[in-house]
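Have the structure open as you read.

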Amino acid sequence: MSFLRALVGTARSARHAPRLAAGLTPDDDVLLDAPDGRLSPALVAAALGDPEPAAKLLATTRDAAEWEDRDRYVARLAAFAYHRGEWLDRWREAAPRDSDALLVAAQLAVRRAWESPARAERLRELDPLLRPLTEEAGRDPVPWRLALDHARGAHAGHAVFERLWEQALLRSAHHYGCHVAALKYLSAQWYGSQRAAFDFAEQAADDAAPGSLVRALPVRAAHEALRPLPGPGRERPTGPEGAGAADGARIDRAADRGLALSAAFAPGDPWPAEVRNLLAYVLVERERWEEALAEFGRTGPYATSFPWAVGGHDPLRRFLATRDRTRAELARRTPLWGRARAIPGRSGPRGH
């Protein structure tokens, strides 16, 4: 999927959003990580080597305290710079002390360090880059979210992580990105346990305002519970039988929370796209086929790399394959009589 096609598709999909509730978006119209209407012009300009729209966009989010948008845009701009970084180099040359340019550069540096075989050592080397960002962040929680991600990979102890978490909460008590970073730290994949992750996620969701993406945090915990554990011989079986009765019930309750949050947004809305993709993944793993297919319908054209890229998969191909599998499983479980009724103009077999 080319970058320009994704931008064109974003506008096209927005025009047709009302029809998405009626069914699934055709495969050729599904876009991976499509940018929203504010980010698209900044990425187009960056592709042409012009950093000014990106600088203005991040300055606007900072001045307006649009922390969730700001976090998304920083991550997406850094991901773009990972492959095409000339515009970011130009921005930093023109404004070497610009806090937004430094934040994007730090996000990019953390990503590259995470990919290194010497991850912890490389991340620790970034301390001099990250510390000034947090010290000068003011009300902005995004540098603290980045610091939490950095601390997890650098093997920071609980006391260090808790100090960072407290500072993040002082900036924004319900910032989704910071909560996701904390959840990862508390997961069985890292320094906690499945129970600790669920406890944290459920409490945060209970405290969050209606419509907040933090209400979907238990779905994140469910995804972590369904993932294979690192190391040979530690794979978790999939399907409803793959979790104990208590764990399965908790995963299903998390999915129910996610369904309630998803229902609060219009079908095809790009804002909750990642949450909806994640929810569809969990529903498929739990073999809740009808609900999963309905959730794929609500995602509209907005496929997201997470969770489909986890494990090194081609995310768009995996999204489409899982959607096709869900449709096939549901059809296989639908009695022939029900299928006949679903055909327009038919009410069942006729006598002769």
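## How α3 meets α6

In this predicted model, helix α3 (residues 52–63) packs against helix α6 (residues 99–114) with an angle of about 100 degrees between them and their axes 9 Å apart. Angles of 65 to 115 degrees count as roughly perpendicular, and α3 and α6 are therefore roughly perpendicular to each other.

Which residues make the contact? On the α3 side they are A55, L58, A59 and R62, and α6 brings S99, D100 and V104. Sorted by class, the contact of α3 with α6 has 4 nonpolar, 1 polar and 2 charged residues.

## The largest nonpolar core

The largest nonpolar core holds 56 residues, and L148, L217 and V282 touch the most other members. Helix α15 (residues 273–285) gives the most to this core, contributing 8 residues.

What does V282 touch, once its neighbours within four places in sequence are left aside? V282 is in contact with V219, A222, H223, L226, I251 and A255.

## An enclosed helix

Helix α13 (residues 217–226) is worth a look of its own. Of its 10 residues, 10 are buried, so α13 is largely enclosed by the rest of the structure. The buried residues of α13 include charged ones, R220 and E224, as well as L217, P218, V219, A221, A222, H223, A225 and L226.

How values were computed
Residues are numbered from 1 along each chain as its sequence is written. This is a predicted model: local features need pLDDT of at least 70, side-chain atom pairs count only at pLDDT 80 or more; totals for chains, interfaces and linings use all residues. Side-chain values use heavy atoms; hydrogens and water are left out. A nonpolar core is a set of buried Ala, Val, Leu, Ile, Met, Phe, Trp, Tyr and Cys residues joined through side-chain atoms within 4.5 Å. Buried means under 20% relative accessible area, exposed over 50%, partly exposed in between (1.4 Å probe, protein chains only). Helices (H or I, at least four residues) and strands (E, at least two) are DSSP runs, numbered from the N terminus. Contact means heavy atoms within 4.5 Å. Axes are lines fitted to C-alpha atoms, for helices over the stretch in contact, and angles run from 0 to 180 degrees between N-to-C directions. Angles under 35 degrees count as roughly parallel, over 145 as roughly antiparallel, 65 to 115 as roughly perpendicular and the rest as oblique.
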